[in-house]
Amino acid sequence: MGTKTLPFTREQIREIAARFPTPFHIYDERGIRENARRLQAAFGNVHGFKEYFAVKALPNPFVLKILKDEGFGADCSSLAELLLAEMVGITGEQIMFSSNDTPAVEYQKARELGAIINLDDVSHIPFLERHAGLPDLVCCRYNPGPTRVGNLIIGHPEEAKYGFTREQLFAGYRTLKEKGVQRFGLHTMVASNELDYRYFIETAVMLLELLVDLSRAVGIDFDLINLGGGIGIPYTPEQAPVPYDRIAEGVQHAYEDLITQNGLHPPRVLLECGRAITGPYGYLVAEVLHVKHTYKDFVGLDASMADLMRPALYGAYHHVTVLGKEDQPCTHIYDVTGSLCENNDKFAIDRPLPEIEVGDIVAIHDSGAHGHAMGFNYNGKLRSAELLLRENGEVVQIRRAETPDDYFRTLDLEALETFAP
Ligand SMILES: *Cc1c(COP(=O)(O)O)cnc(C)c1O
């Protein structure tokens with residue numbers, strides 16, 4: 001059984017909280033950088049390997065700057081995500097635009113930035129051509145349908161709204177070729193939070209076999225394949241991290257068998273992971289406001305599901321550490337809650353923890369992906385700050401907490417003055 005550790009002590013967090021009040025998410029720069037280097041090292045032998053960080057997981061430009069510095073590109077799927085990439089100087093083919101149900105303006109912005117456009121449907125070929133023109137390089141997203149079993153979060157591929165069918169890909173690339181597109185990419189994303197490394201190798205085999213068929217049938221070379229994201233992280237202490245080197249070895253084998261042996265033009269191999277890159281290196285830090293004993297024992301925090309909605313949304317496990325009580329026995333069973341008027345606003349249910357008192361500080365682990373990013377304002381909840389723990393121990397506020405003024409900002413309060421009901 002593994003353990004879940006923290007990159008800070010209770011005393012350090014008390015000092016940080018004196019400057020930046022709880023709740024906040026704090027990200028560990030060293031952890032993020034070391035992990036990025038592990039991924040790059042594992043895929044070192046894979047042709048043209050590059051990770052495009054899925055911006056939706058942690059859309060903060062300070063973090064994007066760090067990842068750019070580590071050699072990552074950005075995987076974007078909305079106008080604001082494209083603007084975030086641009087803000088930190090990630091442009092051109094360092095951006096993968098993997099969108100769906102895409103508005104014309106977003107294709108136009110992606111084209112303006114020179115991003116690699118990853119089409120979600122065969123009907124998007126004329127749509128893109130009409131609204132933004134066809135670029136030199138076009139990627140298409142494959143949905144394998146009922147031939148593969150999806151996992152819990154992403155569901156069965158045939159139920160998923162994403163991607164082309166196999167037949168549509170053949171037709172789509174023919175059309176693209178006829179229209180003068182020069183370079184081609186092939187993408188799929190069929191897993192989310194998957195911990196079995198073999199799944200990613202199977203995906204690579206599936207995609208490379210398809211690439212061989214497409215190359216031959218359509219008479220085109222592929223510039224890149226993108227294996228998508230979806231590498232999982234060990235949310236529970238019992239789980240183990242996905243071994244990147246195992247995935248890389250398997251991908252490399254499949255590549256040699258299918259591309260090299262067949263004498264095909266060698267495509268670059270891309271990933272677009274979000275969760276695995278930053279997830280484990282974020283912590284939602286909150287203070288205990290109330291401890292309440294009714295039919296159960298409840299610990300009420302100053303954070304809520306507006307700060308981290310994965311437990312409420314998916315019943316996801318997030319480990320909870322009570323700072324300074326790491327070594328105390330877990331003698332109590334608590335529901336750890338937020339303040340939202342929704343009974344699913346619980347970070348943990350029936351969780352064994354040490355005895356908790358008002359004023360204790362808790363860290364909720366693995367909030368570094370799909371954490372702050374999924375925040376919302378329902379119930380007038382204001383999104384928390386985001387802090388960065390630098391490698392030298394310095395703490396930088398990389399996003400301040402929202403205030404009521406932020407919440408009211410989109411209202412026309414002048415018009416309200418004169419509005420007669
Ligand atoms: C969400 C998403 C990702 C990243 O998924 P993770 O599970 O965070 O790795 C990558 N690509 C696309 C198209 C996505 O929608």
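Me: Which ligand atom is 2.9 Å from an N or O atom in the side chain of H370?

Reply: In this predicted model, an oxygen atom of the ligand lies 2.9 Å from an N or O atom in the H370 side chain. The backbone of R275 has a polar atom 2.8 Å from an oxygen atom of the ligand, and E272 places a polar side-chain atom 2.7 Å from a ligand nitrogen.

Me: How much of the ligand's accessible area does the protein cover?

Reply: On its own the ligand has 390 Å² of accessible area, and the protein covers 90% of it (Shrake-Rupley method, 1.4 Å probe).

Me: How is empty space found?

Reply: A probe the size of a water molecule, rolled over the atoms, shows where space is left empty. Here the second largest pocket has a volume of about 420 Å³. A pocket is an open set of points on a 1 Å grid where a 1.4 Å probe fits, with protein on both sides within 12 Å along at least five of seven lines; lining residues have an atom within 4 Å of a point. Among its 22 lining residues, K4, H319, V320, T321 and E326 are the closest to the centre.

Me: How are the residues numbered?

Reply: Numbering starts from 1 along each chain as its sequence is written. Local features need pLDDT of at least 70 and side-chain atom pairs 80 or more, while totals for chains, interfaces and linings use all residues, and side-chain values use heavy atoms, without hydrogens and water.

Notes:
Polar contact = N/O pair within 3.5 Å; in protein donor to acceptor, adjacent residues only side chain to side chain. Points joined across faces, edges and corners; volume = space filled by probe spheres on them.
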